[in-house]
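Biologist: I've got a model open on my screen and a few things to ask about it. Can you walk me through it?

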Amino acid sequence: MKWLNIQSCERTGVALRRKHNVLESRTKPQLIPAFTMRIVFIGPPGAGKGTQAEKIIAQFKPAHLSTGDMLRAARDAKTEIGLEAEKYMSSGKLVPDEVVIGVIADRLKQDDCKSGYLLDGFPRTIAQAEALDKMLADAGTPLDVVLELKVPDEELFSRLSKRGRADDNPETIKERIAVYNNQTSPLLDYYGKKGLLKTIEGLGTVNEIFARIEKVLNPPKSGCGCACR
Ligand code: ADP
(Lines give C-alpha, C1' and ligand atoms only; values in the text may rest on other atoms or scores of the structure.)
Protein backbone atom coordinates (compact mmCIF):
# COMPACT_ATOMS: atom_id res chain seq x y z
CA MET A 1 0.00 0.00 0.00
CA LYS A 2 1.12 3.54 -0.71
CA TRP A 3 1.56 5.82 2.30
CA LEU A 4 1.58 9.59 2.51
CA ASN A 5 2.39 12.28 5.03
CA ILE A 6 -0.55 14.22 6.34
CA GLN A 7 -0.95 17.51 8.12
CA SER A 8 -3.83 19.60 9.42
CA CYS A 9 -5.98 22.10 7.57
CA GLU A 10 -4.95 25.62 8.62
CA ARG A 11 -8.55 26.71 9.15
CA THR A 12 -10.28 23.71 10.75
CA GLY A 13 -7.38 21.63 12.00
CA VAL A 14 -8.89 18.64 10.14
CA ALA A 15 -6.25 16.16 8.95
CA LEU A 16 -5.59 16.35 5.23
CA ARG A 17 -5.81 12.86 3.93
CA ARG A 18 -5.92 13.17 0.18
CA LYS A 19 -3.01 12.95 -2.20
CA HIS A 20 -3.63 16.21 -4.04
CA ASN A 21 -4.10 18.05 -0.77
CA VAL A 22 -0.84 17.11 0.82
CA LEU A 23 1.05 20.32 1.49
CA GLU A 24 4.55 20.74 2.77
CA SER A 25 4.37 19.59 6.35
CA ARG A 26 4.69 22.10 9.13
CA THR A 27 3.39 19.69 11.74
CA LYS A 28 4.81 16.35 12.72
CA PRO A 29 4.04 14.00 9.80
CA GLN A 30 1.93 10.89 10.33
CA LEU A 31 1.58 7.91 8.03
CA ILE A 32 -1.87 7.00 6.76
CA PRO A 33 -3.17 5.17 3.64
CA ALA A 34 -3.07 7.26 0.46
CA PHE A 35 -6.86 7.44 0.06
CA THR A 36 -9.18 7.02 3.00
CA MET A 37 -12.29 8.81 1.86
CA ARG A 38 -15.45 7.33 3.36
CA ILE A 39 -18.43 8.34 1.29
CA VAL A 40 -22.17 7.69 1.64
CA PHE A 41 -24.09 7.97 -1.63
CA ILE A 42 -27.83 8.63 -1.31
CA GLY A 43 -30.39 8.97 -4.07
CA PRO A 44 -33.84 7.74 -5.03
CA PRO A 45 -34.22 4.67 -7.27
CA GLY A 46 -33.60 5.71 -10.87
CA ALA A 47 -31.48 8.73 -9.97
CA GLY A 48 -28.49 7.26 -11.80
CA LYS A 49 -26.64 6.38 -8.61
CA GLY A 50 -25.33 3.10 -10.05
CA THR A 51 -23.87 4.81 -13.12
CA GLN A 52 -22.22 7.57 -11.09
CA ALA A 53 -21.01 5.07 -8.47
CA GLU A 54 -19.12 3.20 -11.20
CA LYS A 55 -17.45 6.43 -12.29
CA ILE A 56 -16.52 7.35 -8.72
CA ILE A 57 -14.99 3.88 -8.21
CA ALA A 58 -13.02 4.11 -11.47
CA GLN A 59 -11.65 7.55 -10.64
CA PHE A 60 -11.12 7.52 -6.87
CA LYS A 61 -10.82 3.75 -6.23
CA PRO A 62 -12.77 3.37 -2.98
CA ALA A 63 -14.24 -0.07 -2.22
CA HIS A 64 -17.81 -0.27 -3.59
CA LEU A 65 -20.33 -1.34 -0.94
CA SER A 66 -23.72 -1.62 -2.62
CA THR A 67 -26.33 -3.25 -0.38
CA GLY A 68 -28.60 -3.78 -3.42
CA ASP A 69 -25.83 -5.77 -5.17
CA MET A 70 -24.98 -7.70 -1.99
CA LEU A 71 -28.61 -8.64 -1.37
CA ARG A 72 -29.15 -9.67 -5.00
CA ALA A 73 -26.00 -11.83 -4.84
CA ALA A 74 -27.24 -13.43 -1.61
CA ARG A 75 -30.65 -14.04 -3.21
CA ASP A 76 -29.06 -15.63 -6.29
CA ALA A 77 -26.85 -17.81 -4.07
CA LYS A 78 -30.01 -18.77 -2.14
CA THR A 79 -28.44 -18.08 1.26
CA GLU A 80 -30.72 -17.70 4.27
CA ILE A 81 -30.28 -13.90 4.24
CA GLY A 82 -30.83 -13.77 0.48
CA LEU A 83 -34.08 -15.73 0.63
CA GLU A 84 -35.33 -13.57 3.52
CA ALA A 85 -34.35 -10.36 1.66
CA GLU A 86 -36.10 -11.40 -1.54
CA LYS A 87 -39.50 -11.28 0.18
CA TYR A 88 -39.07 -7.53 0.60
CA MET A 89 -37.08 -6.68 -2.52
CA SER A 90 -39.62 -8.15 -4.92
CA SER A 91 -42.32 -5.81 -3.64
CA GLY A 92 -40.15 -2.69 -3.36
CA LYS A 93 -40.07 -2.73 0.45
CA LEU A 94 -36.96 -2.27 2.56
CA VAL A 95 -35.23 -5.34 3.91
CA PRO A 96 -35.38 -5.19 7.76
CA ASP A 97 -32.74 -2.95 9.33
CA GLU A 98 -31.11 -5.67 11.42
CA VAL A 99 -30.49 -7.82 8.32
CA VAL A 100 -28.86 -5.05 6.29
CA ILE A 101 -26.92 -3.67 9.25
CA GLY A 102 -25.46 -7.15 9.83
CA VAL A 103 -24.45 -7.44 6.17
CA ILE A 104 -22.70 -4.05 6.22
CA ALA A 105 -21.03 -4.61 9.59
CA ASP A 106 -19.37 -7.76 8.20
CA ARG A 107 -18.39 -6.04 4.96
CA LEU A 108 -16.81 -3.04 6.70
CA LYS A 109 -14.44 -5.38 8.55
CA GLN A 110 -12.83 -6.50 5.29
CA ASP A 111 -9.38 -5.21 4.43
CA ASP A 112 -10.27 -3.29 1.28
CA CYS A 113 -12.43 -0.92 3.36
CA LYS A 114 -9.38 0.39 5.22
CA SER A 115 -8.41 2.63 2.34
CA GLY A 116 -11.87 4.16 1.81
CA TYR A 117 -15.26 3.12 0.52
CA LEU A 118 -18.41 4.28 -1.21
CA LEU A 119 -21.54 3.16 0.63
CA ASP A 120 -24.17 2.85 -2.09
CA GLY A 121 -27.75 2.18 -0.93
CA PHE A 122 -26.87 2.16 2.76
CA PRO A 123 -27.97 3.67 5.08
CA ARG A 124 -31.57 3.92 3.93
CA THR A 125 -33.28 4.58 7.28
CA ILE A 126 -32.43 6.67 10.33
CA ALA A 127 -31.96 3.45 12.34
CA GLN A 128 -29.37 2.27 9.78
CA ALA A 129 -27.60 5.65 9.88
CA GLU A 130 -27.44 5.54 13.66
CA ALA A 131 -26.08 1.99 13.59
CA LEU A 132 -23.46 3.07 11.04
CA ASP A 133 -22.48 6.08 13.17
CA LYS A 134 -21.97 3.79 16.12
CA MET A 135 -19.84 1.31 14.14
CA LEU A 136 -17.68 4.11 12.72
CA ALA A 137 -17.35 5.91 16.05
CA ASP A 138 -16.23 2.66 17.70
CA ALA A 139 -13.64 2.18 14.95
CA GLY A 140 -12.56 5.85 15.03
CA THR A 141 -13.23 6.19 11.28
CA PRO A 142 -15.91 8.87 10.72
CA LEU A 143 -17.58 9.59 7.37
CA ASP A 144 -16.04 12.29 5.21
CA VAL A 145 -18.96 13.21 2.99
CA VAL A 146 -22.55 12.27 2.13
CA LEU A 147 -23.48 12.81 -1.51
CA GLU A 148 -27.14 13.20 -2.42
CA LEU A 149 -28.05 12.69 -6.07
CA LYS A 150 -31.22 14.73 -6.53
CA VAL A 151 -33.78 13.99 -9.28
CA PRO A 152 -37.51 14.90 -9.37
CA ASP A 153 -40.04 12.03 -8.92
CA GLU A 154 -41.59 12.36 -12.43
CA GLU A 155 -38.20 11.88 -14.05
CA LEU A 156 -37.44 8.87 -11.81
CA PHE A 157 -40.63 7.13 -12.82
CA SER A 158 -40.00 7.58 -16.52
CA ARG A 159 -36.35 6.41 -16.24
CA LEU A 160 -37.23 3.29 -14.22
CA SER A 161 -40.09 2.34 -16.52
CA LYS A 162 -37.52 2.06 -19.33
CA ARG A 163 -34.94 0.04 -17.33
CA GLY A 164 -36.57 -3.40 -17.07
CA ARG A 165 -35.03 -4.94 -13.92
CA ALA A 166 -37.25 -7.55 -12.18
CA ASP A 167 -38.32 -5.02 -9.52
CA ASP A 168 -38.95 -2.27 -12.11
CA ASN A 169 -42.69 -2.90 -12.70
CA PRO A 170 -44.98 0.14 -12.21
CA GLU A 171 -46.36 -0.90 -8.79
CA THR A 172 -42.92 -1.69 -7.35
CA ILE A 173 -41.43 1.49 -8.81
CA LYS A 174 -44.14 3.57 -7.12
CA GLU A 175 -43.53 1.76 -3.85
CA ARG A 176 -39.74 2.24 -4.01
CA ILE A 177 -40.08 5.95 -4.70
CA ALA A 178 -42.57 6.27 -1.80
CA VAL A 179 -40.25 4.30 0.47
CA TYR A 180 -37.40 6.65 -0.47
CA ASN A 181 -39.47 9.73 0.25
CA ASN A 182 -40.80 8.40 3.57
CA GLN A 183 -37.90 6.42 5.01
CA THR A 184 -34.68 7.51 3.30
CA SER A 185 -35.12 11.25 2.64
CA PRO A 186 -35.07 12.05 6.42
CA LEU A 187 -31.36 11.13 6.18
CA LEU A 188 -30.77 14.32 4.21
CA ASP A 189 -31.68 16.38 7.25
CA TYR A 190 -29.79 13.98 9.53
CA TYR A 191 -26.53 14.35 7.61
CA GLY A 192 -27.20 18.02 6.79
CA LYS A 193 -27.19 18.79 10.50
CA LYS A 194 -23.85 17.02 10.84
CA GLY A 195 -22.43 19.23 8.07
CA LEU A 196 -21.68 16.22 5.86
CA LEU A 197 -24.29 16.61 3.10
CA LYS A 198 -23.43 17.71 -0.44
CA THR A 199 -26.33 17.79 -2.92
CA ILE A 200 -25.61 16.97 -6.55
CA GLU A 201 -28.13 18.02 -9.21
CA GLY A 202 -28.95 14.74 -11.00
CA LEU A 203 -30.33 16.13 -14.27
CA GLY A 204 -27.98 16.45 -17.25
CA THR A 205 -25.63 14.12 -19.08
CA VAL A 206 -23.71 11.39 -17.24
CA ASN A 207 -20.48 13.37 -17.65
CA GLU A 208 -22.00 16.66 -16.53
CA ILE A 209 -23.28 15.03 -13.36
CA PHE A 210 -19.96 13.31 -12.72
CA ALA A 211 -18.16 16.64 -13.10
CA ARG A 212 -20.33 17.99 -10.26
CA ILE A 213 -19.40 15.01 -8.10
CA GLU A 214 -15.71 15.39 -8.90
CA LYS A 215 -15.85 19.01 -7.83
CA VAL A 216 -17.04 17.91 -4.39
CA LEU A 217 -14.58 15.01 -4.03
CA ASN A 218 -11.68 16.80 -5.63
CA PRO A 219 -11.95 20.53 -4.86
CA PRO A 220 -9.58 22.88 -6.72
CA LYS A 221 -6.39 23.64 -4.82
CA SER A 222 -6.69 27.09 -3.30
CA GLY A 223 -6.68 28.73 0.11
CA CYS A 224 -5.49 26.23 2.69
CA GLY A 225 -5.76 23.40 0.15
CA CYS A 226 -8.25 21.47 2.28
CA ALA A 227 -11.73 20.19 1.44
CA CYS A 228 -13.04 22.25 4.35
CA ARG A 229 -14.81 24.79 2.14
P1 ADP B 1 -32.59 1.03 -6.17
O2 ADP B 1 -32.54 0.95 -7.65
O3 ADP B 1 -33.98 1.02 -5.62
O4 ADP B 1 -31.73 2.13 -5.61
P5 ADP B 1 -30.92 -1.05 -4.88
O6 ADP B 1 -30.22 -1.91 -5.84
O7 ADP B 1 -30.10 -0.12 -4.05
O8 ADP B 1 -32.05 -0.35 -5.69
O9 ADP B 1 -31.79 -1.95 -3.85
C10 ADP B 1 -32.74 -2.88 -4.31
C11 ADP B 1 -33.59 -3.37 -3.15
O12 ADP B 1 -32.75 -3.97 -2.16
C13 ADP B 1 -34.35 -2.28 -2.39
O14 ADP B 1 -35.58 -1.97 -3.02
C15 ADP B 1 -34.51 -2.95 -1.02
O16 ADP B 1 -35.56 -3.91 -1.03
C17 ADP B 1 -33.21 -3.69 -0.83
N18 ADP B 1 -32.20 -2.87 -0.13
C19 ADP B 1 -31.02 -2.41 -0.65
N20 ADP B 1 -30.35 -1.69 0.29
C21 ADP B 1 -31.11 -1.68 1.40
C22 ADP B 1 -31.00 -1.10 2.69
N23 ADP B 1 -29.94 -0.35 3.03
N24 ADP B 1 -32.01 -1.32 3.59
C25 ADP B 1 -33.06 -2.05 3.28
N26 ADP B 1 -33.26 -2.63 2.08
C27 ADP B 1 -32.31 -2.45 1.14
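Biologist: Which residues does Ala47 touch, not counting residues up to four places away in sequence?

Modeller: Bear in mind that this is a predicted model. Ala47 sits in the loop between strand 3 (38-42) and helix 1 (49-60). Setting aside residues up to four places away in sequence, Ala47 touches Leu149, Val151, Leu156 and Gly202.

Biologist: Is Ala47 buried or exposed?

Modeller: Count the other C-beta atoms within 10 Å of Ala47 and you get 25. The cut-off for buried is 20 or more, so Ala47 is buried.

Biologist: How far apart in space are Ala47 and Arg159, C-alpha to C-alpha?

Modeller: Along the sequence, Ala47 and Arg159 are 112 residues apart. In space, C-alpha to C-alpha, the distance between Ala47 and Arg159 is 8.3 Å.

Biologist: Are helix 4 and helix 5 roughly parallel or roughly antiparallel to each other?

Modeller: Helix 4 (residues 97-108) and helix 5 (residues 126-139) have their axes 10 Å apart, at an angle of about 30 degrees. Angles under 35 degrees count as roughly parallel. Helix 4 and helix 5 are therefore roughly parallel.

Biologist: Which residues of helix 5 make the contact with helix 4?

Modeller: Helix 4 passes helix 5 in a right-handed crossing. On the helix 4 side, the contact is made by Asp97, Val100, Ile101, Ala105 and Leu108. By class, the contact has seven nonpolar, one polar and one charged residues. From helix 5 come Ala127, Gln128, Ala131 and Met135.

Biologist: Last one: which residues is Ile173 in contact with, leaving aside neighbours within four places in sequence?

Modeller: Ile173 lies in helix 7 (residues 170-184) and is buried, with 22 other C-beta atoms within 10 Å. Ile173 and Leu160 are 13 residues apart in sequence but 7.1 Å apart in space, C-alpha to C-alpha. Leaving aside neighbours within four places, Ile173 is in contact with Phe157, Leu160, Ser161 and Asp168.

Notes:
Residues are numbered from 1 along each chain as its sequence is written. This is a predicted model: local features need pLDDT of at least 70, side-chain atom pairs count only at pLDDT 80 or more; totals for chains, interfaces and linings use all residues. Axes are lines fitted to C-alpha atoms, for helices over the stretch in contact, and angles run from 0 to 180 degrees between N-to-C directions. Helices (H or I, at least four residues) and strands (E, at least two) are DSSP runs, numbered from the N terminus. Angles under 35 degrees count as roughly parallel, over 145 as roughly antiparallel, 65 to 115 as roughly perpendicular and the rest as oblique. A crossing is left-handed if the near helix is turned anticlockwise from the far one by less than a right angle, and right-handed if clockwise. Two residues are in contact if their C-beta atoms, placed from the backbone, lie within 7 Å. Ala, Val, Leu, Ile, Met, Phe, Trp, Tyr, Cys and Pro count as nonpolar, Asp, Glu, Lys and Arg as charged, and the others, Gly among them, as polar. A residue is buried if 20 or more other C-beta atoms lie within 10 Å of its own, exposed if 12 or fewer, and partly exposed in between; C-beta atoms are placed from the backbone.
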